[in-house]
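The sequence and model come first.

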Amino acid sequence: MQTSNRTALHNKRFQIYIAAASLLIIVVMLLGINAGQIHIPLGDVMSTLTGNGTAENQLTIFQFRLPRIVMAVLVGMGIAVSGAILQGISQNPLADPGILGINSGAGFTVVLYMFFIQGSVVFTGWLSVVIMPFVALLGAFAAALLIYTLSWSGGRVTPVRLLLSGIGVNAAFGAGLIIFQMKMEPMDFMKAVIWLSGTIWGTNWTFVWSLLPWILILIPWAVYKSRVLDVLRLGDPIAAGVGVPIEKERRLLLIIAVALAGACVAVGGGITFLGLIAPHIARRLVGSGHARALPFSAVLGGLLLLSADTLGRVVMAPMELPVGIVVSILGAPYFIYLLLRKL
């Protein structure tokens, strides 16, 4: 009876937090539409969204600001769920696609693509945007394979080796990025630097549509696997005892996490610490069960990245801070706190 009441309480709390975070996303979206070099009063924003705005406001909102806002939410959702999965399968609260080197692996192949292929007659316009997530995926999976191989010890992946291997792989791909950046033309070099810092500036609907299928397929799949994540969290001996094929499930979940991170890096650049922060906050608020923690991490990740992007546009206006830098400024102290607490 007590267990049933506790579950009902957790479910009600989860529903309240999901509703509150979703409402906050709508509020921040309206603030994001309102803010910028071209200030649009809130009344005009509402008129434009209902189809009664001026042609200038419609162009500004629907072609420039809304794609960026939607992209921030989607990228935040993907990175947050990727981080939650990595923390679950590694049993390491410090796991994050940026810290472990998955983001830098994806970034490395995208920079190679920009250096050697992008702009050719074959890969231009919308086709270039659609191909980029697949290119990033190659680098993300290469980094994940390296990390998984180096972390393997005594027939299993150990959390400490996973973190240390990820830091090493991150440094290696970072060095490769610098080498190719130095060979770029000055204009391409600046584009690569800004993009690798984490930015959704210049986003259009093509970028949104290229990322949306990845989010719509992979996040529900991750939630479907939430019970497996719960069992893995109990440790390998218990998971094996209840009949879970540990390494098979761990590899499948790793593929989901890497695919989410790679697709998000392709369109949003290297955004670190979001995949660390959002799952931690989610577990504190709705509990450690992944059936609740994963969807709430997704909503919270979207809210955090959208808020960081809006803050980056406002705090140094008319200049803009890349959203990845804003997230890093906020996330680095939390990472240090977790590191000190765990050690």
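His-290 sits in helix α13, which covers residues 290–314. The model is predicted. Is His-290 buried or exposed? Its relative accessibility is 4%, so His-290 counts as buried. Beyond its neighbours within four places in sequence, His-290 is in contact with Ala-84, Gly-88, Ser-226, Leu-229, Asp-230, Arg-233 and Pro-295.

Arg-250 belongs to helix α11. At 3% relative accessibility, under the 20% limit, Arg-250 is therefore buried. Neighbours within four places aside, Arg-250 is in contact with Ile-89, Gln-91, Tyr-148, Leu-232 and Asp-236.

A search of the whole structure for cavities of 30 Å³ or more finds 1. The largest cavity has a volume of about 120 Å³. Its lining has 12 residues, and Leu-86, Ile-89, Tyr-148, Leu-162 and Leu-254 lie nearest the centre. Elements giving two or more residues to this lining are α3 (55–90), α5 (125–151) and α11 (246–268). By class, the lining of the largest cavity holds 10 nonpolar, 1 polar and 1 charged residues.

Now the nonpolar packing. The largest nonpolar core has 102 residues, with the most contacts inside it made by Val-75, Ile-85 and Leu-211. Helix α3 gives the most to this core, at 15 residues. Leaving out neighbours within four places in sequence, Ile-85 is in contact with Ala-222, Leu-229, Leu-253, Ile-256, Ala-257 and Leu-294.

How many aromatic pairs are there? The count comes to 5. Phe-134 and Trp-214 have ring centres 5.2 Å apart and planes at 65°, so this pair is edge-to-face. The pair links distant parts of the chain: Phe-134 is in helix α5 and Trp-214 in helix α8 (residues 205–224), 80 residues apart. Trp-205 and Trp-209 form a stacked pair, with 6.1 Å centre to centre and 25° between the planes. Both lie in helix α8, 4 residues apart, about one turn of the helix. Separately, ring pairs link Phe-108, Phe-173 and Phe-180 into a cluster.

The table gives the accessibility of the residues in the two pairs described.

| Residue | Relative accessibility | Class |
|---|---|---|
| Phe-134 | 49% | partly exposed |
| Trp-214 | 15% | buried |
| Trp-205 | 25% | partly exposed |
| Trp-209 | 54% | exposed |

Definitions and conventions. Residues are numbered from 1 along each chain as its sequence is written. This is a predicted model: local features need pLDDT of at least 70, side-chain atom pairs count only at pLDDT 80 or more; totals for chains, interfaces and linings use all residues. Side-chain values use heavy atoms; hydrogens and water are left out. On a 1 Å grid over the protein atoms alone, a cavity is a set of points where a 1.4 Å probe fits but cannot get out, and a pocket is an open set with protein on both sides within 12 Å along at least five of seven lines; lining residues have an atom within 4 Å of a point. Grid points are joined across faces, edges and corners, and a volume is the space filled by probe spheres set on the points. Ala, Val, Leu, Ile, Met, Phe, Trp, Tyr, Cys and Pro count as nonpolar, Asp, Glu, Lys and Arg as charged, and the others, Gly among them, as polar. A nonpolar core is a set of buried Ala, Val, Leu, Ile, Met, Phe, Trp, Tyr and Cys residues joined through side-chain atoms within 4.5 Å. Buried means under 20% relative accessible area, exposed over 50%, partly exposed in between (1.4 Å probe, protein chains only). Contact means heavy atoms within 4.5 Å. Rings of Phe, Tyr and Trp (its six-membered ring) pair if their centres lie within 6.5 Å; planes under 30 degrees apart count as stacked, over 60 as edge-to-face and the rest as tilted.
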